[in-house]
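Have the structure open and follow along.

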Amino acid sequence: MSDLQDRQRGCLWGLAVGDALGAAVEFRPPGTFAPVTDFRAGGPHGLGPGEWTDDTSMALALADSMGRTGWNLNDQAARYVHWYRTGAYSVNGRCFDIGIATRSALARYEQTGDAWTSGDDAARSSGNGSIMRLAPVAIHFGALLESNVEELAARAAESSLPTHRSPQCLSACRYFAVVLAGLMTGLDREEVLSPTWPVLQKLRAQTPLHPAVEDVAAGSFRSKQPPDIRGTGYVVQSLEAALWAFQHANSFRDAVLAAVNLGDDADTTGAVCGQLAGARWGEQGIPCDWRSRLARPDMLNQALSGLIR
Ligand SMILES: [Mg+2]
């Protein structure tokens, strides 16, 4: 396997591992639980060790759509509805942990059949539900990084529309996809996270980032520490928290544990950070013990086979 393929696979595996690590402490305020060091049972959904939540289910649905139909937003939304209504793409055959914005957007899609407008575009609906599932887009379109960064960013923003259509969400997806693609390409973390990375400059020149996302891209995660870094459900704080956990970590393990131990929306902070860390250290960089105990690896491998050809 090439280094590129290892990092592409790592990006999706990292998402699922971070999700599973955080699931047991989801909704717990920081400092109120024994620090997570491994998979553990429990959490609000009563999962077993290594079982993952909606973050991974939605990423699998998106990957399945891309592998089968190419780029078709209505098909993506239809597969999210399939998950919502029947538990497809779930680790245990049930839909659980679905966000409020996602639920109402999918209900709207069922009424209108138009995934381009089913997400709420209000600023108050700026949850982290589209960055948490972004890996398939960055994996599949990452090769556009140098040749056509605008198209890469456009696909990332479009992937958000079915459930999260606010300017903050669209902009966060644009930025996050470009960072993930840079890491998967093998560029240095320092370079990719630099506010003056030339690829980022090109992206901004075409369409400026939303001011709140621009603050993150400009390095807000470098100057802040908890409790000012918070792993909440708000897309900007979620992205900032994941980058904070990732920036100085020496390994995949250190990065995702720092993310999930922020508590609150721990599974999603873990999933967002896991995409970064998996893109940086590759599938081989994820501890063997976690890879071998993650639930339903067959579902991840099948999704990857449709994304990486
Ligand atoms: Mg979740």
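A residue counts as buried if 20 or more other C-beta atoms lie within 10 Å of its own, as exposed if there are 12 or fewer, and as partly exposed in between, with C-beta atoms placed from the backbone. This is a predicted model, in which local features need pLDDT of at least 70, side-chain atom pairs count only at pLDDT 80 or more, and totals for chains, interfaces and linings use all residues. Residues are numbered from 1 along each chain as its sequence is written.

**Overall picture**
- The protein has 17 helices and zero strands, where helices (H or I, at least four residues) and strands (E, at least two) are DSSP runs numbered from the N terminus.
- Of its 309 residues, 57% are buried.
- Its C-alpha atoms fill a box of roughly 45 × 45 × 40 Å, taken along the principal axes.

**Helix H14, an enclosed element**
- Helix H14 (residues 252–260) has eight of its nine residues buried, so it is largely enclosed by the rest of the structure.
- Those buried residues are Phe 252, Arg 253, Ala 255, Val 256, Leu 257, Ala 258, Ala 259 and Val 260.
- They pack against H1, helix H13 (235–247) and H15.

**H1 and its partners**
- H1 (residues 3–23) and H15 (residues 266–281) pack at about 155°, with axes 6 Å apart; axes are lines fitted to C-alpha atoms, for helices over the stretch in contact, and angles run from 0 to 180 degrees between N-to-C directions.
- H1 and H15 are therefore roughly antiparallel (angles over 145 degrees; under 35 is roughly parallel, 65 to 115 roughly perpendicular and the rest oblique).
- The residues of the H1–H15 contact divide into 12 nonpolar, nine polar and three charged (Ala, Val, Leu, Ile, Met, Phe, Trp, Tyr, Cys and Pro count as nonpolar, Asp, Glu, Lys and Arg as charged, and the others, Gly among them, as polar).
- H1 also packs with H17 (residues 297–307), at an angle of about 145° and with axes 10 Å apart.
- Here Arg 9, Leu 12, Trp 13 and Ala 16 of H1 meet Leu 300, Ala 303 and Leu 304 of H17 (in contact means C-beta atoms, placed from the backbone, within 7 Å).
- The H1–H17 contact holds six nonpolar residues, no polar ones and one charged.

**The nonpolar core**
- The largest nonpolar core has 106 residues, and Leu 12, Ala 138, Ala 177, Val 178 and Leu 180 touch the most other members (a core is a set of buried Ala, Val, Leu, Ile, Met, Phe, Trp, Tyr and Cys residues joined through C-beta atoms within 7 Å).
- Helix H8 (residues 167–185) gives the most to this core, with 13 residues.

Terms used:
Two residues are in contact if their C-beta atoms, placed from the backbone, lie within 7 Å.
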